Amino acid sequence: MKPHIEKLLATAALAVVVSLLAPGCGQKKSASANNAVSDAERKDMALASFVAPGEKDEYYLFYSGGHSGQIYVAGVPSLRHISTIPVFTPYPGTGYGFDEASKKMLGDYTWGDVHHPALSQTDSLYDGRWLFCNDNANNRVARIDLRDFKTKQILGPIPNASGTHASSFVTENTDYLFLATRFSTPLPRGRVADPKDYAKEFNGMITAVKVDPKDGEMSLAYQILMPPLDFDLCSTGKGPSSGFAFFTSYNTEMAGDLLEVNATQKDRDLAAIVNWKAAAEAAAANKGTVMNGVQVLDPSKVPGILYYVPVGKSPHGMDTDPTGQWIVAGGKLQPSTTVLNIDKIKAAIANKDFDGEFRGVPILNYNSVVEGEVPVGLGPLHTQYDGKGNAYTSLFVDSNITKWKLPPWTDAEKKDLTSVVLDKMPVNFSVGHLVVAGSDTKKPYGKWLVAMNKLSKGRHVSVGPSQPESSQLIDISGDKMKMVAEAYTEPEPHFAQIVAVKDLKPIEVYPKTENKDPNAVWDAKETGVTREGNKVTAKVIAVRSRFIPDRIDANVGDELIVHVTNIEQAGDMIHGFGVNDHNLNVVIDPGETKTFKVKLTKTGVFPFYCTNFCSALHQEMQGYLVVHPEGEPVAKAD
Amino acid sequence: MDALLRSERNFLWRPLNLTSRLLLVAAAAAIIASFFFPLWRMHLFAPQYEEGLSLYIYSHKIQGGGIDGADLNEINTLNHYIGMKPLRQADFFEMQWMPFVFGLIILLLLRAAVFGQMANVVDVFTLFSYFGVFSIGAFYYRLYIYGHQLDPEAPMKIKPFTPLLIGTKQIANFTEHSYPQFAAYLLIAAVSLVFLAGWFSRNETV
């Protein structure tokens, strides 16, 4: 019987040998190996995105600079950064935040958090006039004039509102732009309540800002008092959804702490549908109460201005399609987008097809208004449209973009909505927002999509731990999406707008005839330094390659006011006025006058000079500020 | 039946030749060596983690890949989204007694090498095999517990699952590869050497 045992042992030995011979089998290489680009693909990509020296991009890309507080301008398809528009943060490059006018706009703030830029529209098309953007940090909104790409107005801090994240989104004719709060606070602001009593004591706010159709001047129109949900994003209606604005929110749980857990418990969150035309009428009829000078409407007391609808868990974007028919919400924590139908929403409102109410405001019956839940993938954030019936949704968790077909769907498609998912493309990495050229108009340009990725994770040469974000350009003109270029963007692009270059008409110099500054001087004879008590005023001309006058005398303790006019009328003849040792630099474009003030606190002779390289004798463009000890005779300037 | 028992008894009383004794010593050496290498590796890939996140399991410790073992923290950070308990060295109490068991096996191997008797080889082979199967079972049970005791209040709710013991699997945006590493092969080799020690002396007579 001995052989019996031996046979058994032999079999065991064989098993051991087999397992020894197969170490690590099945360990596949990671996906990174697939990143290699073939020569043919390389050529295709280059030809699609290359803009030769001397040639111009076809589109402007205005992307928000997040907590850098600025707006950045890039070209599409080159993705080249072209210019920075300082908005909420001083920018010595253009002297922003140093002269009196921009200092006044900035107030006491030195930064902002720009999230969502919005181009002005007329009849649901970009009219090329203004670009608005919000400051999530300090509850402000700014207007940039696209005639000269300059920030012209900062409205705020807006009263009764904290963290205007769901903004700025304009209505189809730029009558209003909306700002909804991501953070809730006890109201009126300044009142202290315990965050433990969050649900009872805290409130959010939707603010409507009126935009003057002539000059774009923004003013507070009215506010709607909201429960303490965290409003995240917004879009406005057009066509059949005209007069409505749609806001997503998270934290339907109304948690005042540990939101990561406490605000992610419910399977759906409430989106708010605002009938802003009805709200405007109610505000005009004084149906609200005035808080901090703003008419605040309580939606439980003014019926017909607000409705809720449940959408996918912890949603981000809420985007109206170009026809105005479909509103798509992305639920970050559910693998699908919720598609709502405006006809059904209107019918549900008319028929009072409600599923209870929330704080006196009706909740629309979900099943009556939803068109479908499209299984796009993990972490859907934001949806854009090409105007050809396709939607593009960014997937943060999957790090993909999914292209899918908007309704109307066939019965077969409705039964299995995976069939409307047309294409999926990896982006690098973890895309937040994405933008399709003209997506929020009624006629998108289509063609290009830019994915704004939150992580670049070493795709660039190393620049240390502070890494840029990555943006990728995707050609969406064909059936399949095609990536063609990549660029690294300043912190931190949230949303962007793409507009065709042909639809903007910027100027290159400020015409002399337009300069209405009372302190502008155009002739050397008008320049000079005058004293009035302790106030010394200098009117200065900057022109290649001198300042007139190039000597300014004053006493310590004086307040020095300098009005400097760049009298050039040639494009790109920009001059700067930097003063040594005084933390001062203004930059004056051709035809522009800027004013700066400085309290003189130290004696000495301080050089000032042109900071923006202008000409062959730019280095010679300099002068002296002579600050005399108090009481000493002051030499007269010529 | 009687014949079978007699044959078994005869087999157990067989002496070990020099080759077998050396193989037993080699097996002991392989176990000692296994201490310095990982037994198992779990390797997670996602679009955002092209280079992957690694978790190495030793007989006496768990160790993350990356700089200073940073992958372990990263894996725990990611797992908290689905409410999985963080992996902590202190929770793996078996890692405290495993080295002790290996020490015992090493002593028994050396004992068998010195005593030179087949019965000792069978003892240690059985104990070793049992311990191996038990360890893999315990490991699987751990994975099961980690994947099934998910915090119901986690931000992302996923169906309870058992992380993969061996093979490749997709979990949400992650592809997980879980495979034995060098120390596991050393242990397999050690078992095999014990087996071969028995094999080479199978026909020895007193």
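How close do the axes of H2(B) and helix H6 of chain B come, and at what angle do they cross? The axes come within 8 Å and cross at roughly 170 degrees, with H6 covering residues 182–200. Axes here are lines fitted to C-alpha atoms, for helices over the stretch in contact, with angles from 0 to 180 degrees between N-to-C directions.

## About the model

This is a predicted model, in which local features need pLDDT of at least 70, side-chain atom pairs count only at pLDDT 80 or more, and totals for chains, interfaces and linings use all residues. Residues are numbered from 1 along each chain as its sequence is written, chains are lettered from A, and side-chain values use heavy atoms, without hydrogens and water.

## A helix with two partners in chain B

Because angles over 145 degrees count as roughly antiparallel, H2(B) is roughly antiparallel to H6(B). Their crossing is left-handed (the near helix is turned anticlockwise from the far one by less than a right angle). Contact means heavy atoms within 4.5 Å. Among the residues that meet are B:Leu23 and B:Ala30 in H2(B) and B:Leu186 and B:Phe200 in H6(B). The residues of this contact divide into 16 nonpolar, three polar and no charged. Nonpolar covers Ala, Val, Leu, Ile, Met, Phe, Trp, Tyr, Cys and Pro; charged covers Asp, Glu, Lys and Arg; the others, Gly among them, are polar.

H2(B), residues 18–34, also packs with helix H4 (residues 94–115) of chain B, at an angle of about 165 degrees and with axes 8 Å apart. That makes H2(B) roughly antiparallel to H4(B) as well. This crossing, too, is left-handed. The contact includes B:Arg21 and B:Val25 of H2(B) and B:Phe102 and B:Leu109 of H4(B). Its residues divide into 15 nonpolar, no polar and one charged.

## A four-strand sheet in chain A

Helices (H or I, at least four residues) and strands (E, at least two) are DSSP runs, numbered from the N terminus. Strands pair if DSSP finds at least two bridges between them. In chain A, an open sheet has the order S3-S2-S1-S33, with antiparallel pairing. Strands S3 (81–86) and S33 (496–500) are its edges, each pairing on one side only. The twist averages 20 degrees from one strand to the next.

Five bridges join S1 (residues 59–64) to S33(A), and A:Leu61 stands opposite A:Ile498.

## A covered hairpin strand

Strand S25 (residues 380–385) of chain A has six of its six residues buried (under 20% relative accessible area, 1.4 Å probe, protein chains only). Four bridges join S25(A) to the antiparallel strand S26 (residues 390–395), with A:Gln384 opposite A:Tyr392. Four residues lie between the strands of this hairpin, where A:Gly387 takes a positive phi near 80 degrees.

Technical notes: Parallel < 35°, antiparallel > 145°, perpendicular 65-115°, else oblique. Buried < 20%, exposed > 50% of the residue type's maximum accessible area, 1.4 Å probe, protein only.
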